[in-house]
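Colleague: Please take me through this one feature by feature. I would like the general idea first, then the case at hand.

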Amino acid sequence: MSDLPGGGAGAPAAPEHGWERRVDAVLGIAASAILMAMMLLTFYDVVARYLFNRPLRGGFELTELALLVLIFAGLPLVSHADEHVTMDFIDRLLGPRARVLLGRAIHALCAAIFLFGAWLEWLKGDRIWEYRDATDVLRIVYGPFVYFMAVAIGLTGVIHLYKIAARR
């Protein structure tokens, strides 16, 4: 188990504020609904393909896009709950104050990386939107999904900024 504040293995830290619990609940329900929809879509596609020789047109594209939304919507949640994979071989050698400083430095580095990545993803979204790039079968435009990815990555960076100043 990690000694970094709020990080490491074990039970995830419970949100401290009521609004955080509500947001976690809403996002958890949304993630469950997306997973259920993906499961039903896949089930329908398999049954239609093998029993009736009529696969769902664009089913693979819908599954890909739903998976994209699920993964990137979960990224800020994982960062908020400090549920990323951690290694605690360094913090065992440090005192409590040094562990807090190390935790803040790690959050600062993560924030910088995520915010830079969000900016790059937004630029990519601009290029994709300009070309109106779309899926092959259903012609669903990729642009809104790329912008969603950029926003989710940016929100993750903001969460790490918040964790730098948060009381531990």
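## Reading the helices

Modeller: Start with handedness: helices α1 and α2 cross in a left-handed sense. A crossing gets that label if the near helix is turned anticlockwise from the far one by less than a right angle, and is right-handed if clockwise. This is a predicted model, in which local features need pLDDT of at least 70, side-chain atom pairs count only at pLDDT 80 or more, and totals for chains, interfaces and linings use all residues. Residues are numbered from 1 along each chain as its sequence is written, and side-chain values use heavy atoms, with hydrogens and water left out.

Colleague: How many helices and strands are in the chain?

Modeller: Both are DSSP runs numbered from the N terminus: helices are H or I with at least four residues, strands are E with at least two. By that rule the chain has 4 helices and 0 strands. Along the sequence the pattern reads α-α-α-α.

Colleague: At what angle do α1 and α2 pack?

Modeller: For helices, an axis is a line fitted to C-alpha atoms over the stretch in contact, and angles run from 0 to 180 degrees between N-to-C directions. α1 and α2 pack at about 160°, their axes 10 Å apart. The two helices are therefore roughly antiparallel (over 145 degrees; under 35 is roughly parallel, 65 to 115 roughly perpendicular, the rest oblique).

Colleague: And how do the axes of α3 and α4 cross?

Modeller: Helix α3 covers residues 96–131 and helix α4 residues 143–165; their axes come within 7 Å and cross at roughly 165°. α3 and α4 are therefore roughly antiparallel as well, and their crossing is left-handed. The residues of the α3 contact with α4 divide into 19 nonpolar, 8 polar and 5 charged. Here Ala, Val, Leu, Ile, Met, Phe, Trp, Tyr, Cys and Pro count as nonpolar, Asp, Glu, Lys and Arg as charged, and the others, Gly among them, as polar.

Colleague: What share of the residues in the chain is buried?

Modeller: Buried means under 20% relative accessible area, exposed over 50%, and partly exposed in between, with a 1.4 Å probe and protein chains only. Buried residues are 31% of the 168 in the chain.

Colleague: Which residues make up the largest nonpolar core?

Modeller: In soluble globular proteins, nonpolar side chains tend to be buried together. A nonpolar core is a set of buried Ala, Val, Leu, Ile, Met, Phe, Trp, Tyr and Cys residues joined through side-chain atoms within 4.5 Å. The largest one has 7 residues: F72, L75, F114, A118, M149, A152 and I153. At least two of the core residues come from each of α2, α3 and α4, and α4 gives the most, with 3.

Colleague: How many salt bridges does the structure hold?

Modeller: Side chains of opposite charge can pair when their charged atoms come close. The structure holds 2 salt bridges, each being a side-chain nitrogen of Lys or Arg within 4 Å of a carboxyl oxygen of Asp or Glu. R49 pairs with D45, the closest N and O atoms 3.2 Å apart. R49 and D45 both sit in helix α1 (residues 18–52), separated by 4 residues, about one turn of the helix. R49 counts as partly exposed, at 35% relative accessibility, whereas D45 is buried, at 13%.

Colleague: Which residue does K163 form a salt bridge with?

Modeller: K163 pairs with D82, and the closest N and O atoms are 3.3 Å apart. K163 lies in helix α4 and D82 in the loop between α2 and α3, so the pair ties together parts 81 residues apart in sequence. K163 is buried at 8% relative accessibility, and D82 is buried at 11%.

Colleague: What is the phi of D82?

Modeller: D82 has a positive phi of about 55° although it is not a glycine. R139, also not a glycine, has a positive phi near 60°; R139 is in the loop between α3 and α4.

Colleague: How far apart in sequence and in space are R57 and L138?

Modeller: They are 81 residues apart in sequence and 7.8 Å apart in space, C-alpha to C-alpha. R57 is in the loop between α1 and α2 and is exposed, with a relative accessible area of 58%. In another pair, L67 and M38 are 29 residues apart in sequence and 8.0 Å apart in space, C-alpha to C-alpha. L67 belongs to helix α2 (residues 59–80) and counts as partly exposed, at 38% relative accessibility.
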